[in-house]
Amino acid sequence: MAGYEVNFDGLVGLSHHYAGLSFGNEASTQHQNSVSNPKLAAKQGLLKMKALADLGFQQGVLPPQERPHLPTLRRLGFSGSDEAVLAQAQRTSPRLLSAVGSASSMWTANAATVSPSADSADGKVHFTPANLNNKFHRAIEAETTSAALRAIFSDARHFVHHDPLPQVALFGDEGAANHNRLGSDYHRRGVQVFVYGRQEFGGECEPTRYPARQTREASEAIARLHQLDEQHTVFIQQNPAVIDQGVFHNDVIAVSNQQVLFHHQQAFLHQQQALDELRRKMAAVDSELMTIEVPAARVSVADAVETYLFNSQLLTKPDGKMMIVVPEESREHAGVWSYLNDMVAGAGPIDQIQVFALRESMRNGGGPACLRLRVALNEEELRAVNPRVMMNDQLFVALNDWVDRYYRDRLTAADLADPQLLREGREALDALTSIMGLGSIYPFQQ
């Protein structure tokens with residue numbers, strides 16, 4: 001039976017704006033209060049999805065969420081009509097309105113942690129939506145994320161859906177942005193790698209400038225929920241020093257695909273010890289770990305953060321070689337581009353570079369890897385996925401037409417108080433659930 005890695009990219013939402021909400025994410029902070037272009041952002045994402053689908057990769061789409069999120073504002077004491085709630089929030093706390101208006105769910109690497117059936121004791125694919133409790137604007141995503149995943153992966157014969165972990169700091173969970181899986185073929189047992197920023201009970205050290213968003217305790221809880229065994233699971237601490245330099249998630253400093261781990265020289269705490277454990281456990285599944293360690297002398301941590309070299313995708317081509325998907329910012333940086341070209345010219349597993357323009361997402365701190373959730377599936381499981389979310393010519397045309405109809409080409413935080421934007425968003429999402437066959441997944445549809 002064949003196996004596939006299916007990438008589910010997030011469709012950028014109608015309220016995409018630059019609010020600088022994500023402390024620790026330097027791109028987000030630097031572009032605070034810039035004018036955004038939601039229509040361009042959505043189309044940039046769609047072009048990436050379609051291009052990869054055209055190259056033969058399995059590509060799905062995850063929907064955006066309703067924003068501004070009025071149920072949250074009402075929970076916080078704002079009352080009256082929808083227009084009144086928006087006006088009160090803008091008058092008393094525009095920063096809060098910006099938070100509940102964030103389109104951050106587009107970065108679906110944070111949507112959930114997914115374990116394939118080959119690794120789970122019950123032989124099913126397991127999903128746990130991330131609680132994202134380190135950032136308020138992201139912590140409100142989990143309910144709709146869960147509804148969307150349940151609508152896409154609905155067949156209980158193959159898929160198991162868990163609730164998010166408790167919304168407390170001890171179980172801070174950022175989803176697949178801090179999770180890797182290494183192995184051979186996608187349908188065979190692999191080694192799951194959970195990368196955490198701090199350990200609440202008995203931790204050795206943690207960053208001092210920026211928050212460590214993922215805890216070891218959260219990662220261990222997910223491993224238990226997904227029925228993973230210790231022999232095929234590795235827990236590694238991210239280097240606190242690089243978190244303090246703006247590496248807010250592991251996928252800003254490392255990325256994996258099958259047997260390959262592409263990472264920075266300073267990515268992990270006790271890096272050699274961690275790699276040795278990975279090699280041992282990889283050998284137990286008849287796979288040899290291949291590491292591509294980028295020296296700090298070639299690419300500094302600051303350069304990696306600026307260009308999102310590691311916030312890339314590694315995709316296996318039909319010939320067995322791999323392609324690396326990077327943002328335009330990596331090509332524009334002379335040192336990073338030189339390194340990439342030297343790498344693909346060598347005898348290693350990566351022999352092709354694919355560049356995408358994702359400027360709207362990048363300016364808010366999300367590159368190619370942030371935009372996608374990886375789901376490893378076998379043939380039978382892939383057939384059980386809602387087919388209307390899979391990218392093809394028809395869906396590409398339908399979604400572009402949908403964006404043209406509903407999206408604005410200019411947005412600032414002040415526009416979030418416009419009741420018309422809320423109405424446009426609800427009308428758009430109602431139409432989208434019909435296009436994608438998702439049913440009623442949004443609060444306003446209930």
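Helices (H or I, at least four residues) and strands (E, at least two) are DSSP runs, numbered from the N terminus. Residues are numbered from 1 along each chain as its sequence is written. The model is predicted, so that local features need pLDDT of at least 70 and side-chain atom pairs count only at pLDDT 80 or more, while totals for chains, interfaces and linings use all residues.

Start by selecting C370, which is placed in the loop between α14 (359-362) and β15 (372-378). C370 has a relative accessible area of 3% and is therefore buried, a word that stands for under 20% relative accessible area (1.4 Å probe, protein chains only). Setting aside neighbours within four places in sequence, C370 has contacts (heavy atoms within 4.5 Å) that include M106, W107 and D251.

E174 is in the loop between β5 (159-161) and β6 (179-182), and among the residues it touches are R213, Q214 and H249.

Then move to F8 and F153, both buried. Rings of Phe, Tyr and Trp (its six-membered ring) pair if their centres lie within 6.5 Å, with planes under 30 degrees apart counted as stacked, over 60 as edge-to-face and the rest as tilted. F8 and F153 are edge-to-face, at 5.2 Å centre to centre and 70 degrees between the planes.

Definitions and conventions: Side-chain values use heavy atoms; hydrogens and water are left out. Buried means under 20% relative accessible area, exposed over 50%, partly exposed in between (1.4 Å probe, protein chains only).
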